[in-house]
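Dear colleague,

Please find the structure below, handed over for your own analysis. My findings follow it.

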Number of protein chains: 2
Amino acid sequence: MSSSSPPSRLQNLLGHLRPHKPAAAGPTAPPHHISHLSPTYFLERAAAIEPRAEAVYHVTANGRVLRRSYMELADRARGLAYYLRKKGLRRVGVLAPNTPAFLECVYGIVAAGGIIVPVNYRLKEEDVGYILDFAEVDAVVVDQEYEGLLAGWREKGGKGIEVIVDLDTDATEGALSGPFDEAVLEGLNYDIATGSKGWAGLVSQTVANEDDTIAIPFTSGTTSKPKGVVYTHRGAYLATLANLVESGLNLPDRRCKYLWTLPMFHAVGWTFPWAICAVRGTHVCLRKIDYPLIWKLLKEEGITHFNAAPTVNTMLCSAAEAEVLPLPVRVTVAASPPTAHLFEQMTNLNLLPVHVYGLTETYGPITRGYVLPEWDALPKHDKYANMARQGHGFLTSLPVRIIKPDLPEGVVVDVARDGKEIGEIVFVGNICCKGYYKDPEATRKLFAGGVLHSGDLAVWHPDGSIQIQDRAKDIIISGGENISSVALESMLVEHPDVLEAGVVAVADSHWGERPKAYLTVKVVGGGPSGSGGCVLRARDVIDWARHNSAISKFMVPREVELVRELPKTSTGKIKKNVLREWAKKGTPPGVAVVERQ
Amino acid sequence: MSSSSPPSRLQNLLGHLRPHKPAAAGPTAPPHHISHLSPTYFLERAAAIEPRAEAVYHVTANGRVLRRSYMELADRARGLAYYLRKKGLRRVGVLAPNTPAFLECVYGIVAAGGIIVPVNYRLKEEDVGYILDFAEVDAVVVDQEYEGLLAGWREKGGKGIEVIVDLDTDATEGALSGPFDEAVLEGLNYDIATGSKGWAGLVSQTVANEDDTIAIPFTSGTTSKPKGVVYTHRGAYLATLANLVESGLNLPDRRCKYLWTLPMFHAVGWTFPWAICAVRGTHVCLRKIDYPLIWKLLKEEGITHFNAAPTVNTMLCSAAEAEVLPLPVRVTVAASPPTAHLFEQMTNLNLLPVHVYGLTETYGPITRGYVLPEWDALPKHDKYANMARQGHGFLTSLPVRIIKPDLPEGVVVDVARDGKEIGEIVFVGNICCKGYYKDPEATRKLFAGGVLHSGDLAVWHPDGSIQIQDRAKDIIISGGENISSVALESMLVEHPDVLEAGVVAVADSHWGERPKAYLTVKVVGGGPSGSGGCVLRARDVIDWARHNSAISKFMVPREVELVRELPKTSTGKIKKNVLREWAKKGTPPGVAVVERQ
């Protein structure tokens with residue numbers, strides 16, 4: 001890595017922040033005391049208040065450190081917006097890792113009056129094409145690394161559609177760093193040529209209708225085609241404010257420095273592209289999960305917050321670079337139910353977990369586990385077990401509910417708040433998406449009975465907090481009893497040598513179904529697990545589970561298999577469908593760990 | 001003070017938090033992904049998440065310490081709501097100091113579907129009656145101390161209207177502490193008798209229309225009849241979120257303990273009754289400003305935040321009990337332009353100022369002075385001078401503007417951003433009130449040209465921050481030059497012996513107007529100022545101002561008068577109209593300080 005990049009041609013055009021010139025009130029303008037909510041304004045506002053504050057820290061694709069101020073970030077987003085406006089482009093796909101260009105897209109596309117369509121770069125080429133076609137994009141911004149994923153689409157559905165490539169370099173040679181930067185520059189020039197309206201000529205401070213679409217992120221679609229989730233300006237705004245407050249991004253004594261471990265394409269980065277700018281924090285971008293680099297940034301760059309799935313946190317805690325941090329870092333954890341064990345490990349490293357839960361359909365997080373002071377008096381295990389619960393609805397949401405899962409569609413009845421009866425988690429309120437894009441039938445099902453169905457199973461505790469048991473399709477029904485795969489996984493990772501666990505149902509002639517566990521083991525003495533034989537044997541784990549855990553005997557898996565790696569989605573969820581395949585057909589060659597006899 | 005009160009009969013009825021039963025969607029229900037915003041829900045939510053957290057700390061009228069949990073506060077508010085519903089009362093005046101009953105009114109009245117009409121208890125009996133009549137209240141909750149203010153009204157406009165008296169005692173004798181508590185109990189019983197619907201039977205989680213009225217606080221009306229300012233559920237909700245974020249009430253490591261120095265009747269306590277519950281903080285109530293008690297609470301009760309006018313902070317800093325606090329306390333300061341000198345004094349005591357500015361018409365604060373890290377490199381005086389600027393629009397507001405003041409009504413043109421041209425501060429966005437109650441003409445003027453007119457004069461600095469110069473009517477026009485009374489006051493309090501300064505225009509045959517200053521001096525050696533002759537003489541101050549300050553010579557007041565006390569409004573603003581009276585007719589007997597010759 002080298003130091004910051006020298007000024008580029010772009011910077012000659014920076015600093016043109018315009019005074020506020022609101023558009024004349026049209027015939028449909030709201031009353032004077034109402035302006036329609038949109039989070040895009042948070043960037044314009046940050047640049048107006050603290051133009052010199054560091055907005056972006058990034059190690060570019062060519063390995064150089066890039067630092068940009070809020071004035072620069074805002075000017076670049078504005079340039080992109082005017083470029084899109086000049087070209088009449090209004091619905092723009094974004095296929096990129098967590099780069100500054102992605103952030104500029106989040107603001108620039110919407111400021112141009114358009115809609116963001118973020119695309120998961122870990123999808124197959126075919127699914128990427130499907131999403132771009134289905135969302136009817138009229139342009140795509142793509143990071144050079146993933147340009148290949150568009151090859152097939154460009155020959156078919158994408159024919160003639162503009163593709164803007166970002167090289168994610170730092171333009172050290174005095175040249176611009178590629179088509180994306182050229183577009184930004186062209187946009188800034190276009191604004192100057194057409195009256196220098198600046199932000200006032202764009203969609204920023206308010207929007208025609210806060211219920212209009214701001215983005216269409218897609219579900220990961222593990223079992224069917226990805227579905228487009230319709231986000232509105234109002235929903236994104238209120239989710240942003242909730243995330244800001246719940247993750248505590250407005251620190252009283254330090255500027256927020258947010259590390260982008262969570263993919264930005266995932267639910268528009270849980271609205272954090274907006275929330276970080278709302279507090280004038282620094283976006284520390286990250287092209288990929290790289291544990292030594294993350295630890296380096298944690299130690300040297302004064303990171304204050306990051307969001308990551310339990311699996312990323314598990315790897316972080318077991319990395320060789322792990323060290324107790326001098327100042328607390330708030331880690332917002334979601335995506336799959338974390339274990340009490342993980343929360344204890346993280347806390348010991350001063351990585352203080354904020355536990356949230358949500359779906360792409362709820363703009364990312366919508367519940368939080370609130371840590372109560374009285375828990376300090378509990379035994380450690382109980383305290384961390386409480387912390388691993390999914391908690392209560394967010395500040396700007398309404399209460400979460402658990403409803404009986406087997407009633408006719410549209411009938412909504414709460415389960416008992418006894419910590420035992422399993423039901424489906426449902427949501428109401430402003431952090432619910434508007435529906436699925438071009439899929440009225442799926443939208444109707446999503447909101448059956450007037451509540452947003454999560455498909456996740458949970459119990460409701462007497463204190464009103466909820467605790468996930470399973471995805472509806474992941475619950476194991478054995479001899480008529482429900483076995484929670486999540487509860488089994490939480491138990492298994494308490495074994496001192498187990499790193500991660502994934503449990504699925506396998507068919508059983510007697511019981512109907514029974515659980516099977518796939519485990520990865522901790523690295524011993526620095527060598528890779530399984531090299532030269534593993535120290536742990538599957539039957540040791542089964543024996544340990546029978547004798548050492550608090551779960552019922554009938555739940556203990558009779559089949560345990562040690563593997564080198566668990567299959568995961570881009571957001572770190574274990575792919576249960578792949579494990580079910582393994583259970584049927586056996587693990588692929590090289591996956592299973594050879595056990596010592 | 002004694003310790004906490006023993007359980008009362010009320011507590012037998014506590015703990016009836018109901019599970020969420022949303023009302024069936026009616027014909028006008030919004031789409032599933034939208035719920036109408038209302039801040040009343042923040043109390044129900046706090047009690048659901050942390051029922052045992054301390055919601056209220058209060059020293060009662062009978063001198064006992066009262067501590068109440070969120071479950072208790074929520075149950076009491078619910079009881080009040082059901083009482084009002086039972087009696088069909090929907091618009092309720094509240095005439096009380098900062099008591100727990102006032103907080104219960106803020107939630108209970110709205111939960112019953114009603115409107116809060118807070119009344120300033122420092123008004124004359126006649127004005128109190130005017131407000132209650134004008135707002136058409138159908139009930140009044142009054143603290144026993146102020147019951148006398150209703151005497152005349154009860155014989156006339158208030159005849160037959162229910163008055164509920166709160167004794168603000170702790171019910172130590174096993175009896176309830178008076179009519180207000182009886183009403184709460186009656187309401188809780190009424191709920192039980194009619195199906196125990198709890199919060200689900202009230203207006204809490206959402207509201208029929210977020211643009212409906214939630215409260216009608218009144219302006220102080222120094223020059224005309226008080227005007228009723230219409231607050232909506234949506235406006236209050238968004239102002240609450242902004243205050244939460246801007247004052248940093250969601251501390252990462254401590255529970256917010258908010259000291260109620262700001263009157264709750266003033267702009268509904270700047271929305272802090274809602275903001276504190278949103279973070280499950282403790283409301284430390286306070287019947288009156290009592291500097292030794294405030295310092296005791298700061299030192300012993302771990303106060304984290306309070307809001308107060310500069311005058312209160314000035315007195316706090318010069319109190320005998322003043323001490324550097326071990327942990328920082330965030331003090332949100334507004335109401336009249338504070339001086340750089342005050343901010344320095346406060347900072348030295350670990351009372352860290354958050355500088356905001358607003359009007360009753362903007363739900364209280366709507367701008368904040370953001371402290372930039374680069375100011376640390378400035379000379380101290382410049383740093384604190386920057387901190388005393390009014391800053392930029394709040395997170396959930398839109399940018400504040402300064403417009404040319406002398407254009408025809410409805411014509412809106414920005415002044416130059418040069419720190420020199422004086423114009424009027426105007427606001428746009430969601431933190432603007434809906435208008436004046438039953439006064440379309442005043443509402444039209446308030447929003448002339450589509451912006452909310454503050455009546456305050458300010459300059460716009462090149463960095464976009466604004467700085468108040470004066471109320472429009474307080475500016476002094478001397479020989480055609482504008483002299484800012486605020487700038488003169490800021491300069492005068494830098495004199496080491498001056499405590500406070502109030503400057504007004506007096507007629508001058510040659511210059512048209514010229515400034516006259518009224519000053520209070522610091523207490524020397526613990527004795528009251530002026531006792532036995534003051535150490536400071538008016539002409540010393542004039543000499544000092546001529547030689548030591550940075551202002552133009554023509555601005556230096558030729559007339560300075562030392563007084564024992566300055567006349568102030570309930571919110572700590574200096575009453576300029578009274579000073580103008582003094583300037584015309586001379587100070588009343590006993591006000592002027594006898595100077596040593």
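**Overall form of chain A**

With 597 residues, a compact globule would have a radius of gyration near 25 Å, and chain A agrees because its own value is 25 Å; the radius is taken over C-alpha atoms, and the globule rule is 2.2 Å times the number of residues to the power 0.38. This is a predicted model, in which local features need pLDDT of at least 70 and side-chain atom pairs count only at pLDDT 80 or more, while totals for chains, interfaces and linings use all residues. Residues are numbered from 1 along each chain as its sequence is written, chains are lettered from A and ligands numbered from 1 in the order in which they are written, and side-chain values use heavy atoms, with hydrogens and water left out.

Along the principal axes, the C-alpha atoms of chain A fill a box of roughly 75 × 55 × 55 Å. The chain has 17 helices and 25 strands, these being DSSP runs numbered from the N terminus (helices: H or I, at least four residues; strands: E, at least two). Of its 597 residues, 61% are buried (buried means under 20% relative accessible area, exposed over 50%, partly exposed in between, with a 1.4 Å probe and protein chains only). The accessible surface of chain A is about 21900 Å², and carbon and sulfur atoms hold 52% of that area; the Shrake-Rupley method with a 1.4 Å probe was used. Among contacts in chain A with a separation of 6 or more, 69% join residues 24 or more positions apart, where contact means heavy atoms within 4.5 Å.

**Helices H10 and H11 of chain A**

The axes of H10(A) (residues 291-300) and H11(A) (residues 310-318) are 10 Å apart, and the helices pack at about 80 degrees. H10(A) is therefore roughly perpendicular to H11(A). For reference, axes are lines fitted to C-alpha atoms, for helices over the stretch in contact, and angles run from 0 to 180 degrees between N-to-C directions; under 35 degrees counts as roughly parallel, over 145 as roughly antiparallel, 65 to 115 as roughly perpendicular and the rest as oblique. Tyr291(A), Ile294(A) and Trp295(A) of H10(A) meet Thr311(A), Val312(A), Met315(A) and Leu316(A) of H11(A). Six of the contact residues are nonpolar, one is polar and none is charged (Ala, Val, Leu, Ile, Met, Phe, Trp, Tyr, Cys and Pro count as nonpolar, Asp, Glu, Lys and Arg as charged, and the others, Gly among them, as polar).

Met315(A) counts as partly exposed because its relative accessibility is 23%. Leaving aside residues up to four places away in sequence, Met315(A) touches Tyr291(A), Leu499(A), Glu500(A) and Lys568(A).

**Chain B**

H2(B) (residues 70-87) and H6(B) (residues 179-193) have axes that come within 7 Å and cross at roughly 80 degrees, so H2(B) is roughly perpendicular to H6(B). Their contact holds eight nonpolar, two polar and eight charged residues.

In H4(B) (residues 125-134), the buried residues are Asp127(B), Val128(B), Gly129(B), Ile131(B), Leu132(B) and Phe134(B). These pack against strands E3 (91-95), E4 (115-118) and E5 (139-143) and helix H5 (151-155) of chain B. Just after H4(B), Glu136(B) has a positive phi of about 55 degrees.

Ala239(B) is in helix H7 (residues 233-246) of chain B and counts as buried, because its relative accessibility is 0%. Beyond residues up to four places away in sequence, Ala239(B) touches Thr271(B), Tyr363(B), Thr396(B) and Ile431(B).

Yours sincerely
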